[in-house]
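Hi,

Here is the model I promised to pass on.

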Amino acid sequence: MTRFLSRVFVIRLLAAFMICGAAAPARCAEPSPAASSAPADPAATLDSVKQSLKGVEIKLGDDNLTDADLVKLRGALDPLGAQIEGVIADVTPKLAAVKARLDQLGKPPDLKANPTAAPEDPAIAKERDEQQKLFAARDDLIKRAKLARLQVDQLYAQIAERRRTLFANSVFQTSSSILAPSLWMDVARDTPHNLGAAQASAVELASGFFQAFTQRGAWLLGVFAVALLAGAAGAGLLARRFFPRGKSGPAPDEFQKGVAALWFALATIAIPLGALLALSALAQWFSLSPDEYKPLSDALFRSVLRFAAAFGMGEAILAPRRPLWRPLNLSDRVARRLMSLLLLLAGLISLGDLFEGLDEVIGASLPVSVAAKGTFSLLVGLALIRGLYRIVAAPEADEDPALGRPAHLADEGPWWPAIRFGAWAAIVAVIGADLVGYVALSAFLVRQIAWTAFVAGLLFLLQKAISEGLELAFRPNSHLGRALLASLGLRRERLAQIGVLLSGVVTLTLFGVAALLVLAPWGLQSHDMVGAVRSAFFGFKVGDVTISPSDLLFALALFVLGYTISHTIQNWLEKRYLPLTQIDEGLQASIRTSVGYIGLILSLLFAVAFLGINLEKLALVVSALSVGIGLGLQGVVNNFVSGLILLWERAIKVGDLVSVGDEQGHVRRINVRATEIETADRVMMIVPNGNLMTGVVKNYVRGDRIGRVRIPIQVLWGADPEKVRETLLDVVKSHDEVLGIPAPTVLFNNLGPNSLDFELICFVENVERAGRVRSDLMFAIFSRLPGAGMAIAGGSSAVNVSLPRIEPLLERYLHGDPENKA
């Protein structure tokens, strides 16, 4: 029942996709907001957009806007741009239709230049005037929409520049060096006041907690806390026991490692995330989250989540206690020390984040904030130095003199030097910025190091799990692989290639997303990467040409669908229908290949029609390319056309026995460019189709498959020719494969100086058996003729047997013996 329902679902899904592609691809696929928001009244929509753009310009004139305010304005421009694109998409085809009508009506007759011309029908003149007014109105709408789109692009650029300026001012703000004595003197002066403010905030927060618990009931908080701890413990056990991750047992494959590591990392991150969200909801319900403490609560939220992510990623990727399940090729020593370094860095960064949140809550002075940021940034840099030294350092007994480095780093892979170089560059940048007075830049670099490490770890886990899973799913012995082999008729090696290609596409996509995530905090988000990608995907203009990658992808999908259908029909013809007919193998191959070519051409035409390419412009491009085809691709075109002629004329078919030059073999395949001929030596000849059309080709089975066998035979003088003929015919008739019609014959070709020359000619039903039959006949002739008293010329035994009988006969004949003469 489940299999039946799944088949019904697949059939309905394919039917919906085919209807979507044939009837309304824009509505089914919903490729762009512009297509789904086509306005009913374009003029009113443009008026509304103009008013909204004016409001955005007014707000953008404020010089005190924060980055969050600019983000909101940027977001307000996105629907406006979608409405503008909707107007253009709605009016453009209507404008083209009106222009086509005007072209069909033509220009009015010029009675002044040609007074004898017949007057125009008033109905046609009226129709032309109406169409011209309609054309002018719609052309005006297009111009207004393009002007509004230009205004939106200008506002995008202004917001992007403002955000880049804010980012640069916040990150590259100069302050005192972390080693400056004046900074620490100011910190010592402001510390008592800051400690008092922190103590007052703590007392106020504690009293608020006590009051809330007294009013709402502390028992409810206790029950909630117990339930939360129980849920976290259960989720933790599930995360650890979903896959066996012990130190012993059978070694898992790469796919099992990737899935287990990804599951463990996500589960480890999800547990504290759920707990924090639950605590946040509980705090709001108990009124324990006043707005003035929000920076500290947000910092606490980020710190716990950061430490959980570091622990989860470290346990998943490094697996210091589970070497069998370690997806990286690392030694146990390196894995343990990297895990320690990761947790230390996560702890230092989280503490620094908490201090920043506390400084914002208590309103700490600027020197205290700068000192806190600089101190934790410096500690992170020193921790990186210590961690790298502990990883690389090894005792003398662990040194490998052949490699010139520690033995535990012998198999760490080629990526290890690049990671060390990047780590040292980050250390120099963090500590250097901290020492020269760019404390904000140093703190920003520290946060980006943590963010980049998290993105890289998540990228590694996703790429390993998905890529290995795709390659495993597309193996010929998998369930999916067997289904595809049975349904589509793909080759086993083709199926593996599809899995590898899909894995590569997924890997490139993941790397692209990871690059965007890493570069986003550096101010590149001012371009609104999602909006830019969406705009680029659903179409952008280069001059008067609209480039739409989405249309290209949909057209490619349509082409692949059409080609898949034609390939399925080919397999059905080859395996189901054609074997039941009486058509010979060569014609079956021609039909199958022709269906493939027709399907390929139709799929290409459908894809081109979906893109809306003007065939007239395409003809111009083809005519321009014809010069290059005539010069550089003449041979390719000649071979292609020759291949089509061979398929349709069928002078040479698959399975035919042919001779090309000095080579003879069977035609195995007629391709677009060349024909494959397999010789008797199992050598595959690749002959261009043009050579087969212009050269001399012997086809031994063109009319039928009957083959002729010719065996020349020389016997010595003294043999009776009639007896030779009878003996040869008896040998031939005794062979089962020799045909009776045409009848075999023996020709007396020559009276040689030393022999009598005969030729045996017979026919076999299958020309491919001619060589075997000829060999059998020669074996039989060699044994029959000497036994019948007739020696074969050229053999020593023949001379010894025949000479005693021939010499007396010759002697008597030459001396005139009348008895012998008679």
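Below is what I found in it.

A bit of housekeeping: this is a predicted model, so local features need pLDDT of at least 70 and side-chain atom pairs count only at pLDDT 80 or more, while totals for chains, interfaces and linings use all residues. Residues are numbered from 1 along each chain as its sequence is written, and side-chain values use heavy atoms, with hydrogens and water left out.

Start with helix α5, residues 67–105. (Helices are DSSP runs of H or I with at least four residues, strands are runs of E with at least two, and both are numbered from the N terminus.) The 39 residues of α5 reach 57 Å from first C-alpha to last, close to the 57 Å expected; that expected span is 1.5 Å times one less than the number of residues.

Three strands form an open sheet in the order β10-β12-β11, with antiparallel pairing (two strands pair if DSSP finds at least two bridges between them). β10 (707–716) and β11 (745–751) are the edge strands, each pairing on one side only. Between β10 and β12 there are 10 bridges, and V709 sits opposite C762 in β12.

Finally, R769 lies in the loop between β12 (755–764) and α24 (770–787). R769 is 62 residues from G707 in sequence, yet their C-alphas are 8.1 Å apart in space. How accessible is R769? R769 is partly exposed, at 34% relative accessible area (buried is under 20%, exposed over 50%, partly exposed in between, with a 1.4 Å probe and protein chains only).

Cheers
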